[in-house]
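Subject: Structure handover

Hello,

Please look at the model first, then read on.

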Amino acid sequence: MHTGSLYESTVTKKRSSTLELAEWTADQKDYSELFLNFRSALESDPRAFAHIPMDIRFLSGDGSWLSNAYDRDIVTMGCVTRKPYAADRYRAFDIIEEQFLSFGGRPHWAKRFKAGRETLEKLYPKYEEFVALRRDMDPDGKFLNSYLGELFS
């Protein structure tokens with residue numbers, strides 16, 4: 001009987017379907033408390049679990065207005081579901097968003113999140129400046145789709 005290694009059990013080497021991912025960032029100083037709160041929230045919800053591995057990275061701050069590392073050193077935490085057809089019901093996505101928002105966390109723009117414009121305006125200090133610049137550079141909205149139009153018009 002071959003049981004395999006942790007690597008063989010957890011790292012996806014080939015996929016038969018698309019993965020759905022959520023990734024959030026927060027200030028590095030909040031990492032310990034945030035991680036404990038996230039773990040507690042997962043453990044207290046009988047419908048919740050997190051696929052492993054979860055990405056956790058530490059990054060230096062930068063000066064890009066819509067970067068999730070704008071003006072602060074951050075920790076990122078990402079979670080994934082290997083069942084994209086059930087992603088809308090995957091509780092870990094809701095829990096990671098709730099937990100990170102409670103610490104002023106910011107979403108990864110290219111991954112799954114529910115926060116809308118009103119929330120995002122509060123999370124990104126230069127949000128309105130970006131919207132104004134976008135309007136100046138693209139007054140006809142050529143580079144917007146319906147979703148981005150909701151966020152940046």
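Arg 112 and Asp 88 form a salt bridge, with their closest N and O atoms 2.2 Å apart. A salt bridge here means a side-chain nitrogen of Lys or Arg within 4 Å of a carboxyl oxygen of Asp or Glu. Arg 112 sits in the loop between strand E4 (106–107) and H4, and Asp 88 in the loop between E3 and H3, so the pair ties together parts that are 24 residues apart in sequence. Arg 112 counts as partly exposed, at 26% relative accessibility. Asp 88 is exposed, at 62%. The cut-offs: buried is under 20% relative accessible area, exposed is over 50%, and partly exposed is in between (1.4 Å probe, protein chains only).

Before going further, the ground rules. This is a predicted model, in which local features need pLDDT of at least 70, side-chain atom pairs count only at pLDDT 80 or more, and totals for chains, interfaces and linings use all residues. Residues are numbered from 1 along each chain as its sequence is written, and side-chain values use heavy atoms, with hydrogens and water left out.

**Other salt bridges**

The structure holds 14 salt bridges. One of them joins the side chains of Asp 45 and Arg 47 (3.7 Å, N to O). Asp 45 counts as buried, at 10% relative accessibility. Arg 47 counts as exposed, at 60%. Another links Asp 138 to Arg 134, at 3.7 Å, N to O. Asp 138 and Arg 134 are both buried. Through shared partners, salt bridges join Asp 45, Arg 47, Arg 91, Asp 94 and Lys 114 into one network.

**Overall layout**

The protein has 6 helices and 4 strands. These are DSSP runs numbered from the N terminus: helices are H or I with at least four residues, strands are E with at least two. Along the sequence the pattern is α-β-α-β-β-α-β-α-α-α. Of the 153 residues, 38% count as buried. Take the contacts (heavy atoms within 4.5 Å) between residues at least 6 apart in sequence: 63% of them join residues at least 24 apart.

**Strand E3**

How many residues of E3 are buried? The count is 8 of 8, so E3 is largely enclosed by the rest of the structure. Ile 74, Thr 76, Gly 78 and Val 80 point one way. Val 75, Met 77, Cys 79 and Thr 81 point the other way. In general, side chains in a regular strand alternate between the two faces of the sheet.

E3 pairs with two strands, where pairing takes at least two DSSP bridges. E1 and E3 run antiparallel and are joined by 8 bridges. Thr 25 has Thr 76 in E3 as its bridge partner. E2 and E3 also run antiparallel, joined by 5 bridges. There, Asp 55 is bridged to Gly 78 of E3.

The largest nonpolar core has 28 residues. A nonpolar core is a set of buried Ala, Val, Leu, Ile, Met, Phe, Trp, Tyr and Cys residues joined through side-chain atoms within 4.5 Å. Ile 96, Phe 100, Leu 120 and Tyr 127 touch the most other members. Elements giving two or more residues to this core are E1 (20–27), H2 (31–44), E3, H3 (91–101), H4 (117–123), H5 (127–137) and H6 (146–152). H3 supplies the largest share, 5 residues.

Beyond its neighbours within four places in sequence, Tyr 127 contacts Leu 66, Trp 109, Arg 117, Leu 120, Glu 121, Leu 151 and Phe 152.

**Surface**

Trp 65, Leu 133 and Met 137 make a nonpolar surface patch of about 320 Å². Patches are made of residues with over 30% relative accessible area and no salt bridge; like charges are joined within 9 Å, nonpolar side chains (Val, Leu, Ile, Met, Phe, Trp, Tyr) within 5 Å. Areas come from the Shrake-Rupley method with a 1.4 Å probe; for residues, only the protein chains shown count as cover. Trp 65 lies in the loop between E2 (55–59) and E3 (74–81). Trp 65 is partly exposed, at 31% relative accessible area.

Best wishes
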